[in-house]
Amino acid sequence: MKTATQGLCVEEVHVWCGDRHVLKGVSLDLDVGELLHVSGPNGAGKTTLLRVVSGLLRPEQGAVSWFGRSISSVRGEYQAQLAYASHEPALKGDLTALENLRFAVGLKRRVTAAELGSSLERTGVAACADLPARVLSAGQRRRVAMARVLAMRASLWLLDEPFTNLDAAGSDLMTALLLAHVHEGGCALVVAHHDLTLGCTMRRLELAA
Amino acid sequence: MGGYARYVWPCFGLATVIFAWNLWSARRYLAAARLRAARALIMAAGGES
Amino acid sequence: MSAGTQGGGAGSRGRPVGVWEACALIVRRELCLSFRRPDQLLQPLVFFLIVTTLFPLGLSLQLSLLRDMAPGVLWVAALLSSLLSLDSLFKSDADDGTLEQLALSGQGLMVIVVAKTLAHWLVTGAALVLVSPLVGMALGIPTGAFAIMMVSLGLGTVTLSWLGAIGAGLTVGLKRGNVLLSLIVLPLAMPLLIFGAGATDRAISGASVAGALYFLAALCVFTCTLAPFAATVALRINLE
Amino acid sequence: MWTWFYKLASPPHVYGVAAAFTPWFLGLAAIALGYGVVDGLAFAPADYQQGDAFRIIYVHVPSAWMSEFVYTTMAIAGAIALIWRIKLGHAVAAACAPIGASFTVLALVTGSLWGRPMWGTYWAWDPRLTSELILLFLYVGVMSLRSAFEDAARGDRAAALLSIVGVVNVPIIHFSVVWWNSLHQGATVAKFGKPSMDLSMLWPLLSMFLGFMLFFGAVLCMRLQAEVLNRERQAKWVREAMHS
């Protein structure tokens, strides 16, 4: 078994959903400081792959390891170091943006309100820190989700279609944040069905239908 | 059968009904499963050739 | 600024958050969420009151007959109104995706289940216990029996919250899950009803309540120790 | 030794074994039930207290016992499947549920029919019948939970967990119902204790037990083949099994 001692390694993952063979022996490895773009048509299993890598979904066959250790053995520690931004920006409508961040990030590490405020500022939604999430637009919600990923200071970013609902400025901001994260030795797995122009060396994994 | 035939026969009657139902529904369920499996095979075979 | 640390160590991110801290944070989150929508808090209580007023209308007015029925009526109403509010335990978080975020928070799923169930009990069960004297008076229960009634209701609602957590964990992914939730939880709650109503009944008639109360307490402890594991497995089945 | 256990877990092997065993189970069950019914109805002496009404015992007691046995089997199969992720356990558990439920219904109706001459009413909240009724609710809960999920694998796991929680609660429910019953009715009501069983009454009962168990084995084998097929539709062995 190829043990990549650096970063993430996924080997021969098979997943069935009901009768559909969603993931057919997918393998990938992601070293520290690298970015992987996962693309493919709808229903190719991009989100399923993210859920397997994040440890939410246990694959029937195959293994996922982080720094050489299988994630099922170090599940808590591994998940504390990853940030997963799902397709919908998972925010509670009744809580304000700041509260959403405080309760989500506070479970991973001690964080002060000032720090959360600065993350919101960096993603350009500092103005709506005290607005309930349900009144925010889809773009603003996506930026709050981005602020949450930033505030978690995770080594591994798992982003599912991070560019949806974002305007031009938002996309540039997202690109800049991704580059900064990768530049500082973090690694990111980005799912996007369109092609990405990030201006940095980026490997790509195409999932068949 | 004494004065209680009114209760003994219905019990045994019901037992046979329940046993018969078990056998009938199991057989029907197995036949349906075989049909579904055969159809799935044909579709799979159709897909491969 | 960004972490970029070697795998394993928490590095510049300070000591990892402890279990009790996480539990407290989640309980505060749940309470904060519940009090943002006070109408949803009151609904189970109003349902509890309405159900208990149905019985006298349906039965008869003399207090003596009512008093005999009172424990049963009180407990059945408490059971049904608790079931009503169980649906929102995991479903609201599952629908908007925050349940996944909680599961991925690095804290064990058990911590999340325990914290959410505790918060749910505080909001529904404890409120029910506080309202029960009101209902007790309406049903003609002598005030002397209120103390035992509230203690037994407290133990009963805690047990029911945990049984409900297992049921809610099993049916969280289903669209029309709450009827099935009741179908699953009620058979398991029958011993609870028997000992709870038994304790209240004896309290009213002045007999010694020790036996029923001890059984109720034993049931509560038994459920509180095993149900967290079952509820966590149930939730993990539906999160996968 | 492990090869035996390992082979047990491979679906094609189990499909073959189940198909082979069914006729044997059916035949033996027919013999045992035949003997039990004939001996129980015709040759066993009438009970001095209840007269011939006691003959209902030959159906009620085995079915009541089977309803508990099948639920426990379902819970154990579910536990094995949930803990060791052996898919076959789910197939066995799914096959057990309807059979157990049918035995519970049989036990309930025969119990109340037996109660009629005893208590004068069909339903007197006898503790055993009440626990049997609650057991039926548990069966219905497990079966409806299993079928409520589109994804069969998730439905199996959820039903397995519920049956484990249920099997832990069955003794508690039984105890609390007995406690409740003794609280309200006291011992004065002529509870029908086990009629005094001398040997000639006992043999038919034992052979009825055996007949019920063998019959359960036969129906389980038939349903197990269907459940295994439903869960293994893509596997290659299904093609050969179909052509055989």
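Visitor: Across which strands does helix H1 of chain A lie?

Guide: Helix H1 (residues 46-54) of chain A lies across strand S1 (8-17), S2 and S4 of chain A, and runs at about 125° to S1(A). Helices (H or I, at least four residues) and strands (E, at least two) are DSSP runs, numbered from the N terminus. Axes are lines fitted to C-alpha atoms, for helices over the stretch in contact, and angles run from 0 to 180 degrees between N-to-C directions. Two residues are in contact if their C-beta atoms, placed from the backbone, lie within 7 Å. This is a predicted model: local features need pLDDT of at least 70, side-chain atom pairs count only at pLDDT 80 or more, and totals for chains, interfaces and linings use all residues. Residues are numbered from 1 along each chain as its sequence is written, while chains are lettered from A and ligands numbered from 1 in the order in which they are written.

Visitor: In what order do the four strands of the open sheet in chain A come?

Guide: Strands of a sheet pair through backbone hydrogen bonds, either parallel or antiparallel. Here the order is S2-S1-S4-S5 (chain A), with antiparallel pairing (two strands pair if DSSP finds at least two bridges between them). At the edges are strand S2 (20-30) and strand S5 (69-70) of chain A, each pairing on one side only. Two bridges join strand S4 (residues 61-66) of chain A to S5(A) in the antiparallel sense, and A:Ser65 stands opposite A:Ser70 in S5(A).

Visitor: Why does chain A count as being as compact as a globular protein of that length?

Guide: Chain A has six helices and nine strands. Its radius of gyration (taken over C-alpha atoms) is 17 Å, close to the 17 Å that the globule rule (2.2 Å times the number of residues to the power 0.38) gives for 209 residues, so chain A is as compact as a globular protein of that length. The C-alpha trace of chain A spans about 50 × 35 × 35 Å along its principal axes. Of its 209 residues, 48% count as buried (20 or more other C-beta atoms within 10 Å of the residue's own; exposed means 12 or fewer, partly exposed in between, with C-beta atoms placed from the backbone).

Visitor: Is C:Ala127 buried or partly exposed?

Guide: C:Ala127 has 19 C-beta neighbours inside 10 Å, so it counts as partly exposed. C:Ala127 is found in helix H6 (residues 109-138) of chain C. C:Ala127 and C:Leu45 are 82 residues apart in sequence, but 7.5 Å apart in space, C-alpha to C-alpha.

Visitor: Which chains share the most contacts?

Guide: Of the four pairs of chains in contact, that is chains A and C. Their contact takes 30 residues from chain C and 32 residues from chain A. H1(C) gives the largest share of the side of chain C that touches chain A, six residues. That side divides into 10 nonpolar, 13 polar and seven charged residues (Ala, Val, Leu, Ile, Met, Phe, Trp, Tyr, Cys and Pro count as nonpolar, Asp, Glu, Lys and Arg as charged, and the others, Gly among them, as polar). Chain A and chain B do not touch, with their nearest C-alpha atoms 10 Å apart.

Visitor: How many residues does the contact take from chain D and from chain C?

Guide: It takes 19 residues from chain D and 18 residues from chain C. H6(D) supplies the largest share of the side of chain D that touches chain C, 12 residues. This side has 13 nonpolar, four polar and two charged residues.
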